Each structure stands twice: as C-alpha cells, then as structure tokens.
Amino acid sequence: MQNFCSKCFVGERGYTVYFGGSETSAFLDAYLPEFPADQWDKIDSRLYWMHESLFNAMLDYVTAHLEYANIRAVRADKHDPLQGLDKLKPVQFFKEERDANWIDEVITNRSIRTFYQPIVSFDGVESSIIGYELLSRGTGRDGGLIPPVQLFQAAKARDRLFALDRTCRLEAVRNAGGLDDGLIFINFLPTSIYNPVHCLQSTVEMVERTGVNPESIIFEVVESEEINNMDHLRSILAFYKKHGFRYALDDVGTGFNSLQVLSELEPDVVKLALEFCRGVSKDKGKQRVARAVARMTQELNSRALAEGIEDRDDLECLRDLGYEWFQGYYFGKPEPQPLRVLPSWTA
C-alpha cells in the first residue's frame, strides 16, 4: 500500500492561534473544555492549538465580537504547534479556506465524473475521431455538476491542488479503460506534482490495472501560472516518457507557453491556444501566430493540434496552415459518453 501523503490525500488539520495586543483568549478557557482533550491544547495565555472544526467555529465569534486584526493563526500539527509561528496571519484570511471545505468531501469520495470531447483528424476532405480529451467535473451532494474552475478555485483556497489533481487524473485513467482504441488526452498540473516518482506511481498502477496501452495516453501540461522550474517539469515529463506515455503542451502561443518553452520541452503534441484558432480565417495576426507554431511543431517532429474550432472556415484555414488534429464544438462538446460518430456537417 502506498504511504499516506498529506499533500496527495485529505487529512485532518489543526491551527495554532495567537491572541495579540489587548485581545484576550479568556472566552476559550470556558468554551474549549467542553470538547475532547485531543481537539485542543492551551500552550500559554496567548497561544492555543485547536482542531480545524473548533477553529472554524471560533472564526465567526472572533470576527463578530473581537478585534480580529490582532488575532492571528497558522496551520500547525498538534505535536509541533510552535512550528511556523513566523507565518502567522490574521484569522479573517482563513474564512475563504473554511468556506471551501466542501472540496475535501469531493476528493475523499472521488465525486468526479469524466466527460469526453473528441479529438479529430481532418485531411481537407474527411474528418475522423482519433481520440478524446478526458475532462473532469465535480459532483455535488445534490447530484449537480461542479465546473472545473470552481473545483480548482476551492482546491487552491484549501491547499488541496495536489489531492484534487491526483483524483481527477486517476478517475480519468480509470474511465479511459472503457475506450476501445484511439488517443487519450489527460490534463495535469505540473505544480501539483512535487515528486514524480512518489506522486505519479499511483497513476502508473492505475494504467496497469485498467489495461490501457500507455502509448495511447497523452498527458497534457495545463498551467495557468508561469512555469518557473523547468527542471522540475522536465523530470515529470521524463517520468512519463520512461513509462511509455506521451505528453502535450497546451495553450501554445500565449504568454507562458511561448515558442521558447515549446522548443525546450519538445512535446509529442502541440495544442495551439484557442484564442488563435477562433476567427483565424479572418485575422491575419492570428494566422501569423498559428503558422509560426505549426512550423516549429513540424521541426520538432510533433503533431499540431488546434482547439476551440467552431466553424468550417477556421478549420480549413488551420488545415492549410499545417494543423492535422482538431478539437472544438464544431465536432462535439464534452459529453458523459464518448461520441462515436461525428455530425454530418463535418464530413
């Protein structure tokens, strides 16, 4: 069994709270003894450690009745409550973290559904499905879908990006087992993988259990923030490559995923950012960017993929510029079941 990792799994939390200035913690002396002793600890007259459930309950009282700017806190382990005191911050900053605690349940219960969007080849005459991008949606207690943006915003607030990214990746691989053939694109956040050997071993094991051919899986680098540690990213991609997987670079052409990053990473698949795909047939500037990306992709012996395709004119323009694979609502939206036959208008 894989060792428990507080980054990759959801575990219990605690906080050390400091009462500064003229603020008093006397109300806690009357309140906390009602709870089990392992849920809290009085360190001195100004410092307390408490379990997250108590800390969250205290937040409303503190912000309503006390000068909360003088009350600071830091996440801390009960066995070492004084560690991290240099990182104390005002308690009101923890409200966003508390309000996002629903994401813990989503991760723990693996309440993730996989949606499939077709990846299509187009030779100028005919279109055919060559694979799917597997996209994650959360499921709430009421059965309603939770958009990925909301999922990852909550995970970021709760410092659960590692755990959410892992859960989405494993559920995508699990559901890829039902696809007969073709390519399988699965997103991942490189900043949510701190040690490839440790963090990705569960992914490799899931691929082995499902019987999916590793060569059919293309892990897609999705990053909304600048990649500051290229060596770390290279180590992740090397791990994937060692185990027979391929990788793609998303949003190429935008600020962070420049042509320089493209040349350094040499991905198997290059996805042109959708802002350069939509309306490209009528925009010379977008055509210049699309052409430059396609040329470099060809020099790297990679595959050029254009996403966000919504009409025939853009599709044919990008094909003429050197793109082979395509993705977008023109062919099909992400759906709970993989689309097997393309709409008649794409022929």
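This is a predicted model: local features need pLDDT of at least 70, side-chain atom pairs count only at pLDDT 80 or more; totals for chains, interfaces and linings use all residues.
The structure holds 23 salt bridges. One of them joins the side chains of E133 and K271, with a distance of 3.1 Å from N to O. This pair links distant parts of the chain. E133 lies in strand β7, which covers residues 127-139, and K271 lies in strand β12, which covers residues 269-272. The two residues are 138 residues apart. E133 has a relative accessibility of 5%, so E133 counts as buried. K271 is buried as well, because the relative accessible area of K271 is 0%. For both residues the value falls under the 20% limit that defines a buried residue.

Another salt bridge is found between the side chains of R234 and E264, where N and O are 2.9 Å apart. Here the contact runs between two helices, with R234 in helix α9 (residues 230-242) and E264 in helix α10. The partners are 30 residues apart and belong to distant parts of the chain. R234 counts as partly exposed because its relative accessibility is 33%. E264, with a relative accessible area of 33%, is also partly exposed.

A further salt bridge connects the side chains of E324 and R303 at 2.7 Å, N to O. E324 is located in the loop between α12 (312-320) and β14 (325-326), whereas R303 is part of strand β13 (residues 303-306). R303 is placed in the partly exposed class because its relative accessibility is 37%. Elsewhere, salt bridges with shared partners join R13, R75, E97 and D159 into one network.

The glycine considered here is G253, which is found in the loop between strand β11 (246-252) and helix α10 (259-265). The relative accessibility of G253 is 28%, so G253 counts as partly exposed. The position of G253 was also compared with that of E105. G253 and E105 are 148 residues apart in sequence. In space, their C-alpha atoms are 37 Å apart.

Conventions. Residues are numbered from 1 along each chain as its sequence is written. Side-chain values use heavy atoms; hydrogens and water are left out. Helices (H or I, at least four residues) and strands (E, at least two) are DSSP runs, numbered from the N terminus. Buried means under 20% relative accessible area, exposed over 50%, partly exposed in between (1.4 Å probe, protein chains only). A salt bridge is a side-chain nitrogen of Lys or Arg within 4 Å of a carboxyl oxygen of Asp or Glu.
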